[in-house]
Amino acid sequence: MQFALDRAFLLKLIAGHPDVGALMSLCEENFILLRRLAPELNAYPAGQRLSRRPGTVDLALEVEEQARYTTLVHLTHRFTDAETLETHSDPDARLRVYHDARQVEVLELRQSMLPLRTRYAHPALTDKWRANLFLSKWLMFCLRQGHGFAPDPNPVGERHLLIDGASSVCFAQPS
């Protein structure tokens with residue numbers, strides 16, 4: 001999976017000294033990745049979807065809010081402890097998707113894999129850069145594992161299978 005990145009953007013990525021233009025480019029890349037993971041996201045009804053792939057951790061996508069030009073989503077990996085049966089989420093992100101601008105904004109990010117602040121706080125440019133860079137890597141990882149979500153073709157609350165044999169279940173919230 002290759003993405004065309006211009007030389008200036010790539011240098012900023014490596015150097016870790018972003019500017020607003022580089023951040024916007026990264027947010028555009030994240031939009032493309034998220035749309036590959038969840039095609040037609042702007043048409044998804046509110047509710048939760050779970051992508052299950054053999055040998056991988058479940059990936060959950062919850063559409064919290066749908067507006068004309070934006071979608072608010074919660075994306076997380078769900079781990080279950082085999083001994084205690086307790087579930088925890090890591091990474092755990094809340095994202096605003098701007099369909100008209102083709103951008104994804106990280107609103108909240110909690111994760112334990114990379115040395116980011118324990119709770120993402122904006123508007124610091126460097127913090128936004130790091131959070132969006134993490135999101136980019138995470139979305140590529142999910143796509144490589146074969147995760148994916150599709151719009152709910154069934155009435156609210158019905159279970160269904162989606163995406164090339166991947167077990168995906170939609171749990172729509174009652175209206």
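Biologist: Is Asp58 buried, partly exposed or exposed?
Modeller: This is a predicted model, and Asp58 lies in strand E2, residues 58-66. The cut-off for burial is under 20% relative accessible area. Asp58 has 19% relative accessibility, so the residue counts as buried.

Biologist: Which residues is Asp58 in contact with, leaving aside its neighbours within four places in sequence?
Modeller: Take His77, 19 residues from Asp58 along the chain. The C-alpha atoms of Asp58 and His77 are separated by 5.7 Å. With sequence neighbours within four places set aside, the contacts of Asp58 are Leu50, Ser51, Arg52, Thr76, His77, Arg78 and His147.

Biologist: What pattern does the chain follow along the sequence?
Modeller: The chain holds three helices and six strands. Read along the sequence, their pattern is α-α-β-β-β-β-β-α-β.

Biologist: What share of the residues of the chain count as buried?
Modeller: Burial requires a relative accessible area under 20%. The chain has 175 residues. The share that counts as buried is 41%.

Biologist: Among contacts between residues at least 6 apart in sequence, what percentage join residues at least 24 apart?
Modeller: A contact here means heavy atoms within 4.5 Å. Take the contacts in the chain between residues at least 6 apart in sequence. Those that join residues at least 24 apart make up 50%.

Biologist: Are H2 and H3 roughly parallel or roughly antiparallel?
Modeller: H2 spans residues 20-37, and its axis lies 9 Å from that of H3. The two helices pack at an angle of about 25°. Angles under 35 degrees count as roughly parallel. So H2 and H3 are roughly parallel.

Biologist: Is the crossing of H2 and H3 left-handed or right-handed?
Modeller: The angle between these helices is about 25°. The crossing of H2 and H3 is left-handed.

Biologist: How do the residues of the contact of H2 with H3 divide into nonpolar, polar and charged?
Modeller: From H2 come, among them, Leu23, Leu26, Asn30 and Arg36. H3 brings residues including Lys128, Trp129, Asn132 and Ser136. The division is 16 nonpolar, three polar and two charged.

Biologist: How many aromatic pairs are there, and is the pair stacked, edge-to-face or tilted?
Modeller: The count comes to one aromatic pair. The rings are those of Phe134 and Trp138, with centres 6.3 Å apart and planes at 40°. Planes under 30 degrees apart would be stacked, and those over 60 edge-to-face.

Biologist: Which helix holds both Phe134 and Trp138?
Modeller: The two residues are four residues apart, about one turn of the helix. Their helix covers residues 125-144. It is H3.

Biologist: Are Phe134 and Trp138 buried or exposed?
Modeller: Phe134 has a relative accessible area of 6%. Trp138 has 5% relative accessibility. The cut-off is under 20%, so Phe134 is buried and Trp138 also counts as buried.

Biologist: Where does Glu40 lie, and what is its phi?
Modeller: Glu40 lies in the loop between H2 and strand E1 (47-52). At 48% relative accessibility, Glu40 counts as partly exposed. Glu40 is not a glycine, yet its phi is positive, at about 55°.

Biologist: What phi does Arg102 have?
Modeller: Arg102 sits in the loop between strand E4 (87-98) and strand E5 (103-110). Its relative accessible area is 47%, so Arg102 is partly exposed. Although Arg102 is not a glycine, its phi is positive, about 55°.

How values were computed
Residues numbered from 1 in each chain as written. Predicted model: local features only at pLDDT ≥ 70, side-chain atom pairs only at ≥ 80, totals over all residues. Heavy atoms only, no water. Phe/Tyr/Trp six-rings, centres within 6.5 Å; stacked < 30°, edge-to-face > 60°. Buried < 20%, exposed > 50% of the residue type's maximum accessible area, 1.4 Å probe, protein only. Axes fitted to C-alpha atoms, helices over the stretch in contact; angles between N-to-C directions. Parallel < 35°, antiparallel > 145°, perpendicular 65-115°, else oblique. Left-handed = near helix turned anticlockwise from the far one by under 90°. Nonpolar A, V, L, I, M, F, W, Y, C, P; charged D, E, K, R; others polar.
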